[in-house]
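Here is a short note on the model below. Please read it with the structure open.

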Amino acid sequence: MKYKKRVVITGMGVIAPEAESLSAYDEILRSGRSLIRHVDELEEFGFEAQNGAIADPGIDPENELLRLFEIDLTSDFIKLAVKAAYNAWQDAGLPIPDPDSEEVDYDTGVMIGGVISGIEQLVSKVVPLLEKKRPRRLGSMIVQNTMPSGASAYISSIFALGNQAMSLNSACSTGVDSVNWGYHSVASGWAKRMVVGASDAYNPYSWAGFEGMRVLNRSSNHAPEKASRPMSASAKGFVPGSGAGVLILEDLEVARARGARIYAEILGGFSNCGALRGQGSMTFPNREGVIRALKTTFELCEIKAEEIDYINGHLSGTMADPFEVQNWYDAMQLKKGQKFPYINSTKSILGHSLGAAGALEIVATILQLKNGYVHASLNTEDLHPDIEKRIGREPVPLKRVDFPGMRIAAKANFGFGDVNSAIVLRKYEE
Amino acid sequence: MNKEEIKEKVISILKKYTRREEVWENFNDSSDILNDLKINSARLVDIILDIEDEFDLEVEDEAMDRIRTINDVVDMIAEKKAEKKD
């Protein structure tokens, strides 16, 4: 990109089902263990698609700092984000500020996105009281727990962060866009350090909309681990998930000066929108927009497509997957003899946690890049014939592939509203 | 219900809204709810809702505005309880 500053990732935190530490998350990715379970409550609510992946928003009672803030928090979206941010902050080796100090770090900002974010609070809290005509009984905490910027507001309060504190929503592109926003903020000098990522919590009220759209897999209630089938010929819709992923981005000079451990470098990122033209609609991408977004990303990052070793796709397990692979193929324009890179879907393990998905998938991408492997893309035994015809079987790992030489990884998400977002990560080189 | 009993209940309500246990190590009847107990001012409306439930009464906004200390809360509740009896 045309910026002078380089931006590196120095800390990561995830709250995923059964994984609240990076090591647990890495182990799940390595072993290719599905986190998708049957959710009895969905059955009780009359969902035909009853599987999901649920991350625990509960705050550790031993965590003295987060406990100070817990009394205000009713939103699971904020709790997940705050927990992931705490883990990322600690992972980056940054000092935990004294909550009684008036000191503010005006060089560090926060951008936590979410799709449903806190709006489920309207259903669980506001609706019942308004039906009784008693809005006064809502008390004082409803707005700050509902507003999408609530997670960023609490994180800035916990860590005394005085740069920008905002939220972003671009449907299923939210995670990649939040990280890209942080990248641009640090690279341009707006901030020296950014806490970025996304969160979305389990809530039957917010998941119900996807049930209504008939976009969830309804045919695998008795085999939850088989339900999320990105790139499979028998893919029948996505499986909703939840969680949060947070990364600490730093100006390379700042990271170096404090001797931080560096996971990877962000080469750049780009987003666009297909404007719902061509094949594009609210729920399906305009091919031209996707290809343009990917090509522009490669150009801005000053990489050649053949340098990409690994793609972490959006790949949610719907009929759109073969089109996505085709779009990557067309955007890359590989020459004869150049191999299509490995490609997998982290959603095959975690389900699709809406806004959080991109952030959790970027963390997964970085762990694979740093630790040298490509995780299994579960349930691809019956790879979709259009995908096999286009790129062959080899790029889609049915089992984990060790890949210590991996250097450059590309990650994209595509979302409702015909939005396309991509980011390129490189193993850190001096 | 005498004032001591009211005070005990008020304190147990206020404890739900204090971030730190330490503020209760040194307090008295004239402790200021916002400054001494370090309760977030937005939380006063939640405290009033709890008081309404606990003591079965209604607190209008003007009464809420007059509250500064633990004593103010106890006096307000005692007054309202007395009015109710009349």
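**Notes on domains, chain contact and a helix pair**

1. Chain A is divided into domain 1 (7-264) and domain 2 (269-427); such bounds come from an automatic or database domain assignment. This is a predicted model: local features need pLDDT of at least 70, side-chain atom pairs count only at pLDDT 80 or more, and totals for chains, interfaces and linings use all residues. Residues are numbered from 1 along each chain as its sequence is written, with chains lettered from A and ligands numbered from 1 in the order in which they are written.

2. The C-alpha centres of the two domains of chain A lie 22 Å apart. Their contact takes 60 residues from domain 1 and 62 residues from domain 2 (contact: C-beta atoms, placed from the backbone, within 7 Å).

3. On the domain 1 side, α8(A) gives the most, with eight residues. Helices (H or I, at least four residues) and strands (E, at least two) are DSSP runs, numbered from the N terminus. By class, this side has 31 nonpolar, 23 polar and six charged residues. Ala, Val, Leu, Ile, Met, Phe, Trp, Tyr, Cys and Pro count as nonpolar, Asp, Glu, Lys and Arg as charged, and the others, Gly among them, as polar.

4. The contact between the chains takes five residues from chain A and eight residues from chain B. The chain A side has two nonpolar, two polar and one charged residues.

5. In chain B, B:K3, B:I6, B:K7 and B:V10 of α1(B) meet B:I70, B:V73, B:V74, B:I77 and B:A78 of α4(B). By class, that contact has seven nonpolar, no polar and two charged residues.

Terms used
Two residues are in contact if their C-beta atoms, placed from the backbone, lie within 7 Å.
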